[in-house]
Amino acid sequence: MCVDPITAIGIGLSLAQGVAGYAQAQAQVDAQNQQAEQNRLNSLQAMRDEQSSLQRKLSQEKAASSTEMFKDQIAAAKAASQASVAANEAGVTGMSVDALLGDIKAQYGRQNDALDSNYQMSKASISDELVQTHNRAKSRIDSVPYAADASPFPFLIGAASGILKEYKDYNVRKLKLQA
């Protein structure tokens, strides 16, 4: 089958249009996937930074709580020792001195329990925040989806349609020339 130059040019343009359309669609897919990948990397880095900060905060809370508890233990020992010395100097012994020393130890014990309770609540809160950082990162990653590869079929169909149109036009021109 031999075709005229106009038909050949039309067929070539139809094929070129199909190839160019597919290439453009694939370039858009690549750009979307690059954006999604960058978003994923940024989200993971933000999560690591947040988690690192929260871990540091947890360490600081533990250190502060331990320091306060240690200070309270020293204060309790000093207070008990002062009370014991004062009782001995006054010649007081027995159950009243034991009760006083027990009360001092109980008072500081309650303070330590309160400090520990506060630390445990802070620890639980920070643990919840660590989980939330993971959930936020997942949400950020899911917010920019990866694109599926472009399908060549619509572009092949478009090119084939253009080729068929050019061939039909060729036959119409050919019939007009014969008539």
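1. A nonpolar core is taken here as a set of buried Ala, Val, Leu, Ile, Met, Phe, Trp, Tyr and Cys residues joined through side-chain atoms within 4.5 Å, where buried means under 20% relative accessible area, exposed over 50% and partly exposed in between, with a 1.4 Å probe and protein chains only. The largest such core has eight residues, namely Ala76, Ala80, Ala83, Ala87, Val97, Leu101, Ile104 and Tyr108, and the elements giving two or more residues to this core are H1 and H2. A second, separate core of five residues includes Leu58, Tyr119, Ile126 and Leu130.

2. On provenance, the model is predicted, so that local features need pLDDT of at least 70 and side-chain atom pairs count only at pLDDT 80 or more, while totals for chains, interfaces and linings use all residues. Residues are numbered from 1 along each chain as its sequence is written, and side-chain values use heavy atoms, with hydrogens and water left out.

3. Helices (H or I, at least four residues) and strands (E, at least two) are DSSP runs numbered from the N terminus, and the expected span of a helix is 1.5 Å times one less than its number of residues. For H2, which covers residues 95-143, the 49 residues should span 72 Å, and the end C-alpha atoms lie 70 Å apart, which agrees. For H3, the 26 residues reach 37 Å from the first C-alpha to the last, close to the 38 Å expected at 1.5 Å a residue.

4. The buried residues of H2 are Val97, Leu101, Ile104, Tyr108, Asn112, Tyr119, Ile126, Leu130, Thr133, Ala137 and Ile141, and what covers them includes helix H1 (5-90). Taking contact as heavy atoms within 4.5 Å, Ile104 is in contact with Ala76, Ala79, Ala80 and Ala83, once its neighbours within four places in sequence are left aside.

5. Asn112, found in helix H2, counts as buried at 11% relative accessibility, and touches Met69, Asp72 and Gln73, not counting residues up to four places away in sequence. Leu115, which also lies in helix H2, is partly exposed with a relative accessible area of 22%, and, with residues up to four places away in sequence not counted, touches Ser65, Glu68, Met69 and Asp72. Leu115 and Met69 are 46 residues apart in sequence, yet 7.1 Å apart in space, C-alpha to C-alpha.

6. H1 and H3 pack at an angle of about 170°, with their axes 8 Å apart; the axes are lines fitted to C-alpha atoms, for helices over the stretch in contact, and angles run from 0 to 180 degrees between N-to-C directions. The two helices are therefore roughly antiparallel to each other, a label given to angles over 145 degrees, with those under 35 roughly parallel, 65 to 115 roughly perpendicular and the rest oblique. In H3, Ala159, Gly162, Glu166 and Tyr170 are buried, and the buried residues of H3 pack against H1.

7. Rings of Phe, Tyr and Trp (its six-membered ring) pair if their centres lie within 6.5 Å, with planes under 30 degrees apart counted as stacked, over 60 as edge-to-face and the rest as tilted. By this rule the count comes to one aromatic pair. The rings of Tyr22 and Phe155 have centres 6.1 Å apart and planes at 70°, so the pair is edge-to-face. The pair links distant parts of the chain, with Tyr22 in helix H1 and Phe155 in helix H3 (residues 153-178), 133 residues apart. Tyr22 is partly exposed, at a relative accessible area of 31%, and Phe155 counts as partly exposed at 25% relative accessibility.
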